[in-house]
Amino acid sequence: MRLVTVSSIGTVAINENDTREARIVVTRGGNWPAVSSRGELALPVGATQPGETAHVRRFSADAPGAAAGVPGSELAPGHGVAPGLTHYVYWSPAGTNLLIIQPAEGALELRSWRPGTPASQRLFAGAPIFPAFDDTGSRLAVHHGGPSGARLVVLELLDGAPARVCLVQQGVGGFGAPAFCGDGQVVTWAEPAGGGGVRLRAADVGTGRTFPGPAFEGTVRFVPGPVRNHVLVAVGEPGAPAMYGRLVAWEPGAPTVRMLYRGRFLAAWASPASARELVALALPGFSPESRVQPAFIDARGRELGRLAPFVPSPPMQFALAFFDQFGRSHGPWSPGGDWFIVGGRTATDGPFALFGPPEPDRVLGVAAAEIDARPLAWRVLAEGVAGWLAGAAPGRA
């Protein structure tokens, strides 16, 4: 088992849980590493010394000493997507393509790079930019803004060939990252509806035929997870932009949705495990520390259990705010769906700042096999503000 962790100063380590050995691959300035299904690490590294440039470094998790830069990822000093986030990196499911979002010319740009090729390809410029792969990684849907307004573009990404545009939809909005459905032939999004709400819509990528869906008063977010014959949608509460009140399942072409959960939540992530459909919900904790309580439901919406509330680390707060995007590239579920992992501290780690400094953030997790247990309990997997599993399940800590 390999657990990739990041510290508060950007130390990135690969933790071998079975031997408790931690190999440091970046001592300072690392942020938001992404691990491919092939075990290759794409690691944004910020400038830590005068004259250095921020860039994306890549290496194998098995041989972290052989590092190289990703072409076209160098940034001028002081530039980045957001505080603590120099670049956003996102591997395709097969690990054959790396997406990079980085600042350029007063906006953001989306670049695509294939390992082994000498250059990366610029796909789009604008802001914001929300991309989503299908399950094969051969199709990419991008929701982005530009001079002509918000639009959705679906691209074919073929080996050795430039990206080919196969669908364009103008005037979309009221959602973040799009989502594919079925075998990746159908893409879903949202567009403005009357009265300030949004309407779900889908299209067959091959034919361009569109399928209208139901309308909602608030914003919507498509829940990251495996591609099935339906998509999960978090429906926002009107007047509360960061809060959701319903989780629904929509099958493109259907005029109605199936209700899975009703109640306030901040984020949702569907497990990638095919044998068992689980969804993790981040429930608001309503405390001075902004605690969050994870709850788990099954495919019928039946609640299976809750973990103790935790205080998210700064990177985890960012991932919660943009759960529909970061859940695709840096999701809390392990690749096989056997672990749920977050960064932060539990309520018992120490008092909040009013009474003194709290304990440091840690990487916390729970095994999916224990989700039916009563009560659920966190395990401390490593020190750090964030961690992502890149291998088999960890042993007990």
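User: In this predicted model, is Arg 2 buried, partly exposed or exposed?
Analyst: Arg 2 sits in strand E1, which covers residues 2-6. Its relative accessible area is 25%. Buried means under 20% and exposed means over 50%, so Arg 2 falls in between and is partly exposed.

User: How far apart in space are Arg 2 and Val 172?
Analyst: In sequence, Arg 2 and Val 172 are separated by 170 residues. Taken from C-alpha to C-alpha, their distance in space is 40 Å.

User: Why can the chain be said to agree with a compact globule, and what is its radius of gyration?
Analyst: The C-alpha trace spans about 55 × 50 × 40 Å along its principal axes. For 397 residues, a compact globule would have a radius of gyration near 21 Å. The chain agrees with this, because its own value is 20 Å.

User: What share of the residues is buried?
Analyst: The chain exposes about 16300 Å², and carbon and sulfur atoms supply 53% of that area. A residue counts as buried when its relative accessible area is under 20%. Of the 397 residues, the buried share is 55%.

User: Which residues does Leu 281 contact beyond its neighbours within four places in sequence?
Analyst: With sequence neighbours within four places set aside, its contacts are Leu 247, Tyr 261, Phe 265, Ala 267, Ala 268, Gln 293, Pro 294, Ala 295 and Ile 297.

User: Is Leu 320 buried or exposed?
Analyst: Leu 320 belongs to helix H1. Residues it touches, leaving out those up to four places away in sequence, include Leu 266, Trp 269 and Val 292. Its C-alpha lies 9.8 Å from that of Val 292, which is 28 residues away in sequence. At 9% relative accessibility, under the 20% cut-off, Leu 320 counts as buried.

User: Where does Trp 32 lie, and is it buried or exposed?
Analyst: Trp 32 is in the loop between strand E3 (21-26) and strand E4 (34-35). Although it is not a glycine, it has a positive phi of about 55 degrees. Its relative accessibility is 8%. That is under 20%, so Trp 32 is buried.

User: What is the relative accessible area of Glu 105?
Analyst: Glu 105 lies in the loop between strand E9 (98-104) and strand E10 (107-113). Its phi is positive, near 55 degrees, in a residue other than glycine. Glu 105 is exposed, and its relative accessible area is 73%.

User: What is the omega of the peptide bond from Ala 127 to Pro 128?
Analyst: Pro 128 is in the loop between strand E11 (121-126) and strand E12 (129-133). The bond leading from Ala 127 to Pro 128 is cis, with omega near -5 degrees.

Technical notes. Residues are numbered from 1 along each chain as its sequence is written. This is a predicted model: local features need pLDDT of at least 70, side-chain atom pairs count only at pLDDT 80 or more; totals for chains, interfaces and linings use all residues. Side-chain values use heavy atoms; hydrogens and water are left out. Contact means heavy atoms within 4.5 Å. The radius of gyration is taken over C-alpha atoms; the globule rule is 2.2 Å times the number of residues to the power 0.38. Buried means under 20% relative accessible area, exposed over 50%, partly exposed in between (1.4 Å probe, protein chains only). Accessible areas come from the Shrake-Rupley method with a 1.4 Å probe; for residues, only the protein chains shown count as cover. Helices (H or I, at least four residues) and strands (E, at least two) are DSSP runs, numbered from the N terminus.
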